[in-house]
Amino acid sequence: MERTVDYLIIGAGIAGTVLERYLRHLDVAIVDPHPGGYRIGESIIPSFFNGHLLREEVLPGARRLPSYSRKDGTTFVGRDSVAAFPVAPEDRALSMHVARHEFDAHLHASLGTPVLKERVVDVDVANHIVRTEKTTFRVRRQIVDCSGQAMVVGRSTATVDDLFPMFARWGYYDVTKVAPERFAADVAASGKAYLEYDLGECRVRESDRSAPWDVSHSSILTQLGDGLWSWQIALYDRTVLSFGVVSRSGPVAVDALDELAMTTHSPVFELARRTASRGDAFSRDHVRNNFARRASPVATMDYILLADAAMFADPIYSTGTGFAAMSAVELAWLLEGDGWTEEKCASYLERYDRTMSMALDAFDTWYRDELLHADAAAAPAVQDVLQGTLFQRTLLTGYRGAMTAAERIDRVGEYELEVQRRGGGWPFAK
């Protein structure tokens with residue numbers, strides 16, 4: 001079968017689904033062989049959804065999903081300090097941990113996404129032709145790759161390069177007990193400083209609270225060694241724990257993952273190993289090695305790479321889902337009116353390079369050995385003057401750098417207002 005479309009979107013994750021919704025008034029097809037299948041990316045930060053109605057149409061319903069668990073922020077555990085980064089009060093009601101297969105299925109149902117369950121088998125970029133097992137698509141305008149780490153278009157054009165060694169292994173554990181009060185005692189016993197990010201002053205400072213916050217409702221990121229970090233994300237109302245290890249020094253063995261999970265998990269949780277007999281994605285471990293890759297160029301007049309299909313460097317940050325949604329909204333705006341032009345393409349390339357360079361610098365703050373050693377040797381004077389250890393200060397800079405895309409959030413609202421003023425056809429403009 002042959003079909004001609006204005007745009008073909010490859011991948012029905014968050015980026016592809018949001019883009020399809022905004023371009024639905026055009027002739028658009030979206031293909032994905034396994035929509036709503038297992039994906040990593042279990043943290044949703046609603047500030048990335050500001051300015052468009054996804055926040056109103058999708059996020060409230062996601063609170064009713066079985067895997068939903070409240071997220072109050074992120075907790076960073078370093079060698080000498082623990083720092084809490086809370087979600088802004090106005091975002092807390094819709095900030096969540098949720099299994100991606102449930103969230104994506106909910107997203108598709110909420111938006112009525114017409115996903116074609118087809119696998120791409122060939123991409124002819126020069127002639128704007130994409131073939132699946134069932135259909136030959138002839139694309140009038142651009143092929144948009146939202147396939148995530150599969151990087152379907154990038155790989156077909158032989159433009160994917162490795163960034164640096166990066167290895168990850170993760171799995172899921174049953175939470176048999178939650179004891180939030182243990183965290184304060186653990187911090188006190190460890191002798192680590194307890195710090196909090198001040199939302200008003202935009203800086204990390206020593207907390208004046210008598211007890212740390214309820215860490216069980218946060219994403220927990222822990223430094224386990226030089227170039228080695230773990231994440232802990234509680235799902236299903238804190239009855240299942242996603243535990244992952246990311247390393248820059250080599251692959252993480254399955255035995256090592258299990259040992260680290262059982263010995264280094266937060267004291268607020270008591271864990272039990274899951275049994276493989278359940279047969280689902282939560283009953284086995286997952287591994288991904290040498291996955292830090294970047295495609296170049298990320299856009300031409302023939303194709304556009306979006307979100308993880310352009311670059312995937314590090315899974316430890318909880319910004320990927322929001323970055324995907326927000327980037328899709330911005331791209332939809334660029335494709336409005338006279339469509340994709342040489343000028344828009346050049347602007348897209350320039351902004352992408354700037355944002356990704358800052359993100360890569362931010363990721364380096366996690367794994368740079370001299371930074372970790374400097375934290376252990378930080379002098380009291382440095383702590384007094386700089387309001388926190390060297391590690392936490394630099395971590396803050398890196399964390400904010402990785403979220404620089406959020407600076408464009410307000411522009412999304414401006415986009416929709418402009419569409420309304422000119423009577424444009426975005427389906428979200430009311």
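A nonpolar core is taken here as a set of buried Ala, Val, Leu, Ile, Met, Phe, Trp, Tyr and Cys residues joined through side-chain atoms within 4.5 Å, where buried means under 20% relative accessible area, exposed over 50%, and partly exposed in between (1.4 Å probe, protein chains only). The model is predicted: local features need pLDDT of at least 70 and side-chain atom pairs pLDDT 80 or more, while totals for chains, interfaces and linings use all residues. Residues are numbered from 1 along each chain as its sequence is written, and side-chain values use heavy atoms, with hydrogens and water left out.

The largest nonpolar core holds 90 residues, and Leu8, Leu19, Leu306, Leu331, Trp340 and Tyr348 have the most contacts inside it. Helix H8 (residues 320-335) supplies the largest share of this core, 11 residues; helices (H or I, at least four residues) and strands (E, at least two) are DSSP runs, numbered from the N terminus. A second, separate core has 21 residues, among them Tyr173, Leu241, Val252 and Leu257.

Turning to charged pairs, the whole structure contains 21 salt bridges, each a side-chain nitrogen of Lys or Arg within 4 Å of a carboxyl oxygen of Asp or Glu. Asp226 and Arg79 meet in one of them at 2.5 Å, N to O, and this pair links parts of the chain 147 residues apart. Asp226 is partly exposed at 33% relative accessible area, and Arg79 is also partly exposed, at 30%. Glu330 and Arg351 form another salt bridge, with their closest N and O atoms 3.4 Å apart. Because Glu330 lies in helix H8 and Arg351 in helix H9 (residues 342-367), the pair ties together parts 21 residues apart in sequence. Both Glu330 and Arg351 are buried.
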